Amino acid sequence: MLGIYFSGTGNTKYCIERFLDYYDGSEPISIESPDVIEAIRKSQNIVLAYPVYYSDVPKIVRDFIYQNRAEFKNKEIFIICTMALFSGDGAGCGARLLKKYGANIVGGLHLKMPDCIGDVKLLKRPLEQNKQLVKNAEIKIANAVNALKQGKSTKDGLNILCRAAGLFGQRLWFYRQTKDYTSKLKINHHMCIGCRKCVALCPMSNLSISDQKAVSGNQCTMCYRCISHCPQKAITLLGKEVIEQCLIENYL
Ligand SMILES: Cc1cc2nc3c(=O)[nH]c(=O)nc-3n(C[C@H](O)[C@H](O)[C@H](O)COP(=O)(O)O)c2cc1C
Ligand code: SF4
Ligand code: SF4
């Protein structure tokens with residue numbers, strides 16, 4: 001089984017690693033890796049994992065699927081989708097895209113993990129609760145792998161009711177927040193020390209340095225990676241200040 005994933009702050013990477021540990025011990029590959037396309041070409045069975053953003057597929061994952069659509073034809077794909085609270089059809093959104101390009105979707109798995117939105121209080125939980133969420137996810141993963149091996153794969157997020165929940169409970173509701181979101185990142189130039197850490201980490205090459213300060217372009221996928229790593233807490237996106245720098249390592 002080939003595992004491919006996108007992960008902004010580590011939750012999804014952790015989940016697909018555990019999934020493959022239980023499945024066959026193989027190592028997943030990030031969609032940011034130059035080796036990923038060749039790996040897809042060689043594999044018939046693929047597990048694709050991504051975080052849900054407003055009950056939808058992150059831009060980076062959507063772009064990746066579209067740009068490499070020919071490679072997914074006739075592949076058997078299992079989808080893992082991580083989330084902080086709820087997504088009607090997080091896995092279903094990716095499934096519909098992949099089906100359009102000829103893939104066969106064999107299952108879906110929704111996993112509740114710590115919230116990665118470091119500049120909004122709404123979904124923040126105490127550390128112990130976040131640790132428990134990760135443990136619960138691990139149990140769900142083990143059960144899902146067992147079911148898959150027995151030919152009875154889980155179908156989280158894949159049916160029509162899930163689709164309605166994703167659309168009416170999330171996508172329509174959050175339409176305004178997601179409009180023009182690729183250029184909404186804010187960098188406080190009084191706080192930025194020009195260390196380039198965010199530039200090196202951004203999966204979209206959306207950040208650069210000008211006059212020794214970081215500047216954002218219009219290709220942000222909202223992954224919160226730069227926000228969670230900036231030593232000055234100088235970057236925000238949905239909120240006004242960084243409350244917690246959310247990284248999976250904090251919750252293990
Ligand atoms: C822009 C954005 C939107 C999000 N929308 C949702 C959502 O609709 N439902 C939800 O439960 N979690 C949502 N989340 C939380 C993430 O899906 C969750 O924390 C995920 O596990 C992060 O994975 P990662 O660490 O691999 O990046 C959102 C996160 C971001 C950054
Ligand atoms: S990581 Fe923070 S301090 Fe460093 S360049 Fe980026 S915004 Fe500035
Ligand atoms: S600018 Fe930051 S939040 Fe946006 S894609 Fe790059 S690392 Fe992710």
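What follows is a chat about the ligand, the salt bridges, the cysteines and a few loops.

Mentor: Before we start, this is a predicted model, where local features need pLDDT of at least 70, side-chain atom pairs count only at pLDDT 80 or more, and totals for chains, interfaces and linings use all residues. Residues are numbered from 1 along each chain as its sequence is written, chains are lettered from A and ligands numbered from 1 in the order in which they are written, and side-chain values use heavy atoms, with hydrogens and water left out.

Trainee: How many residues surround ligand 1?
Mentor: A residue counts as near a molecule if one of its heavy atoms lies within 4 Å of it. The closest ones here are Ser7, Thr9, Thr12, Leu85 and Gln170.

Trainee: Which residue has a backbone N or O atom 2.6 Å from an oxygen atom of ligand 1?
Mentor: We're looking at polar contacts, pairs of N or O atoms within 3.5 Å; within protein, one must be able to donate a hydrogen and the other to accept it, and residues adjacent in sequence count only if both atoms are side-chain atoms. Thr82 has a polar side-chain atom 2.8 Å from a ligand oxygen, and a polar backbone atom of Cys116 is 3.1 Å from an oxygen of ligand 1. The backbone contact at 2.6 Å belongs to Leu85.

Trainee: What share of the area of ligand 1 does the protein bury?
Mentor: Accessible areas come from the Shrake-Rupley method with a 1.4 Å probe, and for residues only the protein chains shown count as cover. Taken alone, ligand 1 exposes 650 Å². Of that, the protein buries 98%.

Trainee: How many salt bridges are there?
Mentor: The rule asks for a side-chain nitrogen of Lys or Arg within 4 Å of a carboxyl oxygen of Asp or Glu. Asp21 and Arg18 meet that way, at 2.7 Å from N to O. By this rule the count is 10.

Trainee: Why are Asp21 and Arg18 separated by about one helical turn?
Mentor: Helices (H or I, at least four residues) and strands (E, at least two) are DSSP runs, numbered from the N terminus. Asp21 and Arg18 both sit in helix H1, residues 11–23. They are about one turn apart because their spacing in that helix is three residues.

Trainee: Is Arg18 buried or exposed?
Mentor: Buried means under 20% relative accessible area, exposed means over 50%, and partly exposed is in between, with a 1.4 Å probe and protein chains only. Arg18 has a value of 18%, so it counts as buried.

Trainee: How many disulfides does the search of the whole structure find?
Mentor: A disulfide is a covalent bond between the sulfur atoms of two cysteines. The cut-off used is a pair of cysteine sulfur atoms within 2.5 Å. For Cys81, the closest cysteine sulfur is in Cys93 at 7.9 Å, which is too far for a bond. The search of the whole structure finds zero.

Trainee: Which backbone oxygen lies 2.5 Å from a polar side-chain atom of Ser153?
Mentor: Ser153 is in the loop between helix H5 (127–149) and H6. With 15% relative accessibility, Ser153 counts as buried. The backbone oxygen in question is that of Val106.

Trainee: Where is Asp211, with its positive phi?
Mentor: Phi of Asp211 is near 50°, a positive value in a residue other than glycine. Asp211 is exposed, with 72% relative accessible area. Its place is the loop between strand E7 (207–210) and strand E8 (213–216).
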